[in-house]
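Here are some notes for a colleague who has not looked at this model before. Please read them with the structure open.

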Amino acid sequence: MQHELPHTVQEHASETFGPVPAVSAKAVNMRFGNFYAVKNASFQLEQGRFLTILGPSGSGKTTLLRMIAGFLTPTSGEIFIKGEAVNAVAANKRAIGMVFQKLALFPHMTAAENVAFPLKMRRFDARTIPDRVLQYLKLVRLDGLENRRIHELSGGQQQRVAIARALVFEPDLLLLDEPLAALDRKLREEMQLEFRRIQKELGVTTINVTHDQREALVVSDRIIVMNNAEIQQNAAPIQMYRSPENPFVATFIGVTNVFSGKLVKRVGDTASVLVGEQELSGQSRLGSSNITRFESGAAVKCALRAEQIRIAREGKPLDKTDFSFTGRIADVIFEGERQIYVVDVPGVSADPIRIFHHDQDEFATHHIGELVHVGWNTNDMHVYAGIS
Amino acid sequence: MGRTQTVLFRVMVTFAVVMLSAPTLVVLGASVTSGNIIQFPPDGFSLRWYNAIVGEQTLREAFIRSVQVAIICVLVSLPAGTLAGIALARYRIRGEKLIQVYLLLPFTIPLIGSGIGLMLAFGQAGVLGSLWPIGIATATINLPFMIWAVSSSAASLDPDLELAAMSCGAGPVQTFFSVTLPAVTPGVITGSLLMFILSLNEFLVSLLLVDARIVTLPVQIYNSIRSIITPDLAAVSVVFIAVALSAIIVLDRLVGLEVFLKSK
């Protein structure tokens with residue numbers, strides 16, 4: 001369970017003698033009537049980091065962001081910015097810049113007036129405002145367009161105005177409320193890198209909210225995955241991808257096959273499970289504390305990523321995998337940079353298994369209806385506690 | 001659209017346009033007669049009746065009074081209607097439905113009813129005989145127009161706009177004046193001009209609230225009709241129509257008529 005250690009140790013250290021985290025939340029709840037929008041959320045974010053809160057719609061990620069911004073007050077629990085409790089601090093008294101989902105630029109103002117607005121409201125010296133506005137418009141590469149009205153700017157340019165407006169007063173924290181969701185793919189990917197560049201250039205602590213797992217992996221230093229109002233995992237992108245803490249995280253990030261099975265036995269970090277008629281083994285992610293709960297026969301869920309399964313023509317068995325089965329190609333999906341084989345493996349899973357195939361030369365070597373060998377290694381399959 | 005439908009559609013539109021513009025055309029025609037009797041088609045062409053009304057002091061004074069009433073009406077309804085319109089469109093208010101119904105009352109109660117009510121109220125207060133009660137009265141009965149114009153503007157406002165202002169450091173008052181109000185300005189302009197025209201034209205309620213010293217123009221015209229009908233009344237009416245028309249043109253120039261027509 002090596003992957004869990006750094007996280008806990010780090011958290012503990014910063015609580016006692018490390019530097020003050022830029023943002024932290026302690027047991028934050030947001031309840032509307034009987035409905036929890038956010039339940040028992042706790043996390044810490046170090047200065048200068050880029051955090052993405054990732055989750056499906058309705059998972060509570062936007063509610064959490066709005067509590068940090070000060071638009072909502074937690075029902076219980078406390079949010080800290082630079083170590084100070086801010087539940088009682090109004091949104092306009094917090095030094096937080098925010099880029100909104102629909103940008104919320106002021107339509108009756110020019111680009112420059114939009115960027116100057118926070119400086120005026122925050123009583124910056126009027127003589128320094130024009131220079132500062134120009135400096136930030138330059139940062140977002142909009143110099144020369146300062147006198148355009150908002151509706152005279154393209155979608156990407158409007159994004160840049162919104163970023164400049166959020167950053168111009170040098171906030172302690174930058175919040176991004178899915179501002180890229182409405183853009184087409186090309187522009188979205190361009191803006192993701194742009195956010196990354198600006199964040200690195202200024203070193204401003206940033207919290208981004210999105211439902212786009214790709215965006216989360218690309219831009220973040222750290223990812224929090226939320227579902228059903230609760231934080232599922234808080235980890236660095238690579239750690240999150242390689243060691244998802246539960247089946248939800250495993251399936252939400254990446255393309256993952258999930259098999260239901262029963263635990264046979266557990267030895268250290270390896271769990272043997274019965275899936276269909278097959279006995280398989282995988283990395284145990286059943287937790288270490290509660291061994292008795294996971295007796296043999298307990299329901300488990302096994303997660304296996306599409307890219308970790310090998311595939312080979314019938315008669316050319318896979319020799320480098322721990323397990324190997326025979327299946328039949330049910331469908332072939334071409335996605336450009338990769339190809340997905342959908343394979344029926346009746347002995348293992350009732351649902352067909354999805355497999356990525358990245359090798360360009362080998363594309364379309366398997367056809368629908370063909371018999372193939374599929375296989376994977378023990379370490380690539382994660383075994384979680386399942387609900388029976 | 002089929003051919004028959006097209007023809008039917010054109011006939012209906014032509015009919016509607018003729019019916020709507022006929023009174024105006026008749027009045028316009030009658031006002032340029034060179035004869036002494038009001039009639040259509042006119043008897044010759046002259047602008048002598050326009051000359052006559054310029055010289056007519058009672059008409060001129062009545063017109064000025066009407067404009068004053070309209071200005072008072074706008075001054076009263078502008079803050080009240082703007083705030084109510086924004087509140088109804090943007091915030092969840094307890095008893096919102098009830099307030100909406102209440103604001104609709106002036107439409108459902110016959111004007112003569114609200115007129116008499118206002119007359120009694122102002123009479124009790126002992127303020128009848130001045131112009132401002134008429135301004136307030138016309139503001140009261142026409143306020144729903146103002147509220148609708150503003151709330152249709154406010155309803156299309158991005159709710160995040162005010163949150164964005166807050167995250168820029170603006171307090172509630174600054175947010176209202178620098179973001180909310182500018183965003184609903186088209187609705188406010190539309191509503192104000194509408195209120196101005198409605199108040200300028202208001203006849204029935206004015207009739208109940210004026211006395212001989214402070215007659216407004218519509219009442220003055222009505223009084224004249226009861227004695228001798230001369231072509232100068234047609235000329236006054238044309239001036240009246242021209243004022244309303246220019247208000248509409250100003251409206252179109254400032255915010256575009258679409259906004260006005262889209263007002264619920």
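This is a predicted model: local features need pLDDT of at least 70, side-chain atom pairs count only at pLDDT 80 or more; totals for chains, interfaces and linings use all residues.

1. Residues are numbered from 1 along each chain as its sequence is written, chains are lettered from A and ligands numbered from 1 in the order in which they are written, and side-chain values use heavy atoms, with hydrogens and water left out.

2. Chain A has an open sheet of six strands, ordered E6-E7-E8-E3-E9-E10, with mixed pairing. E6 and E10 (230-235) of chain A are the edge strands; each has a single partner strand, so one side of each lacks a neighbour in the sheet. On average, neighbouring strands of this sheet are turned by 15° against each other, direction ignored. Strands (E, at least two residues) and helices (H or I, at least four) are DSSP runs, numbered from the N terminus, and two strands pair if DSSP finds at least two bridges between them. Angles run from 0 to 180 degrees between N-to-C directions, with axes fitted to C-alpha atoms.

3. Within that sheet, E3 (residues 50-54) and E9 (residues 222-227) of chain A pair in the parallel sense over four bridges. Leu54(A) is opposite Val225(A) in E9(A).

4. Chain A also has a closed barrel of five strands, E11-E12-E13-E20-E14, again with mixed pairing. Its neighbouring strands are turned by 55° against each other on average, direction ignored. E13 (residues 278-284) and E20 (residues 381-385) of chain A pair in the parallel sense over two bridges, and Gln283(A) stands opposite His382(A) in E20(A).

5. What supplies the lining of the second largest cavity? At least two residues each come from strand E6 (96-99) and helix H5 (155-167) of chain A and from helix H7 (160-167) of chain B. E6(A) gives the most, with three residues. The lining residues include Met98(A), Arg165(A) and Cys168(B). A cavity is a set of points on a 1 Å grid over the protein atoms alone where a 1.4 Å probe fits but cannot get out, and lining residues have an atom within 4 Å of a point.

6. Chain B has 12 helices and zero strands. Its C-alpha atoms fill a box of roughly 70 × 65 × 30 Å, taken along the principal axes. Of its 264 residues, 41% count as buried, meaning under 20% relative accessible area (1.4 Å probe, protein chains only).

How values were computed. On a 1 Å grid over the protein atoms alone, a cavity is a set of points where a 1.4 Å probe fits but cannot get out, and a pocket is an open set with protein on both sides within 12 Å along at least five of seven lines; lining residues have an atom within 4 Å of a point. Buried means under 20% relative accessible area, exposed over 50%, partly exposed in between (1.4 Å probe, protein chains only).
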